[in-house]
Amino acid sequence: MFPPRSTIHVPASRHARRARRLITATAIVAAGALALSGCAGGSSGATTLDKEAKVKLTFWTGQADAAQQILTGLVDEFEELHPNVTIDVSSGAPSTEDLLQKLSASFAGGNYPDVSYAFGSWASRLEASGRTLDITDQVAEPDVKWDEFSEAARQTVQPTGEKTIGFPAVVDNISLLYNTTVFDAAGVAYPTADWTWDDFREASKQLTDPATNTYGYAYSVSGSEETTWQFWPHLWQNGGSIISDDDKTAEFASDAGVDALAFLRDMAVEDKSVYLDQTDTKFGDLFASDRIGMITSGPWQLSTLQTKGTKYGVTVLPGTDGDHQTVSGPDVWALFDHKDKNREYWAYEFTKWLTDSEQDLKWNVAYGNLPLRSSEIDTPEFQAQVDKLPGLDVMAENGVNAKQARPTVPGYVGLSEAIGKAISAVLQGQGEPKQALEDAAKAADAALADD
């Protein structure tokens, strides 16, 4: 679907980067599920903590090029602050997508890292491996300021709600982007943060012009995770859930899900105001070229719009009864247990330090990602990035609307495929929302049962 990349962090193609995280990562989870299962192991080390003892940690960043250079520099800073700590830093694998298989092999050999980057979709499987630390008590300390991370990010590092396996590493979300050239040509008022989905639908109809092949909105009908994750905000805002609390049953075929899909179907089939993208790659370019009025996308889209000179604005997603929930795809710094109190202590201290706002401004913000913490939004460093990429501040503030995390269980892969196909079919006029979602839920239940 997207061209291969050596790492998910490629500034030249933020959309491709995010898609690799959403799609390739979940596929690898399924492939590596059995290899990751097992009991905790590794050689025993210090049984009592000595903060002054010399310690060597292994840190797999999952990054390359400029991102790797930034993180290596931060490791050097930490080592200067703590001369007794040496950190062996590397990407860990040829690409981020290869990290899960590398972790699996390292678990078998007992040579796994102390800290590793991981796609959020791996979190449940990593916890189930028995190799992760549980830092729940530590992150509850006031100085951690845990509530500065978005709810979705916090949930992702707490996949079962029983343990906290690490810290958030990278966050994103989708917002509403609107093309002001298209809006001005149609004489339609720009979206506001108070918009409902009815406001959105009416504007989409007014923006659509068959004579110029201009559409009000765009939606993926490839059946991929792009199709699926764009649907979750509609489901959540209507009060629906993706799966049951025990992760065993799909719940998206509820009245909330049917209503959400019926709304999108009506826009696509009755209003004909939605560009249905079979590839996931065209709608962004069409929006940038003034052929689509609105898309729901994230920070990876902004650099392209700047490069092409597109006139645009950004606001939160339209809401339901004042609920403007969005969807996010957080990734994590996973911490691993080596039965060594000194390594455990310093792995935590390093990752806590790395994700403090002062260091995150040098890492995520400097690299062009959204800041991890809400406290960073008003900093000069982030505002400088906003000057380069207008709308990035709105997307950062939209993190408060990332209240729920997508499931991280391996069975989510099959669930996503099932509902993605159902959504795609219905939006193309094939089938009714209720029956399509009920059939998809049966397939999803089978995938979850195989987990």
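Which residues does Thr164 touch, not counting residues up to four places away in sequence? I looked this up before anything else. Thr164 touches Leu133, Asp134, Ile135, Thr136, Val139, Trp146, Val157 and Gln158; contact here means heavy atoms within 4.5 Å.

**Ground rules**

I noted that this is a predicted model, where local features need pLDDT of at least 70, side-chain atom pairs count only at pLDDT 80 or more, and totals for chains, interfaces and linings use all residues. Residues are numbered from 1 along each chain as its sequence is written, and side-chain values use heavy atoms, with hydrogens and water left out.

**More on Thr164**

I found Thr164 in the loop between helix H6 (151-156) and strand S4 (166-170). Helices (H or I, at least four residues) and strands (E, at least two) are DSSP runs, numbered from the N terminus.

Is Thr164 buried or exposed? It counts as buried, because its relative accessibility is 1%. Buried means under 20% relative accessible area, exposed over 50%, and partly exposed in between (1.4 Å probe, protein chains only).

I also checked the side chain of Thr164, and it makes a polar contact with the side chain of Thr136 at 3.0 Å. That term means a pair of N or O atoms within 3.5 Å; within protein, one must be able to donate a hydrogen and the other to accept it, and residues adjacent in sequence count only if both atoms are side-chain atoms.

**The sheet**

Next I traced an open sheet of 5 strands, ordered S7-S6-S8-S5-S9 with mixed pairing. Strands S7 (274-277) and S9 (312-315) are at the edges with a single partner strand each, so one side of each has no neighbour in the sheet. From one strand to the next, the twist averages 25 degrees. Two strands pair if DSSP finds at least two bridges between them.

I followed S5 (residues 175-179) to S8 (residues 292-297): they run antiparallel, joined by 4 bridges. Ser175 has Ser297 as its bridge partner in S8. Helix H8 (residues 197-207) packs on the sheet and touches S5, S6 (215-220) and S8. The direction of H8 makes about 140 degrees with that of S8; axes are lines fitted to C-alpha atoms, for helices over the stretch in contact, and angles run from 0 to 180 degrees between N-to-C directions.

**Whole protein**

I ended with the totals. The protein has 19 helices and 10 strands. Of its 451 residues, 60% count as buried. Its C-alpha trace spans about 70 × 50 × 40 Å along the principal axes.
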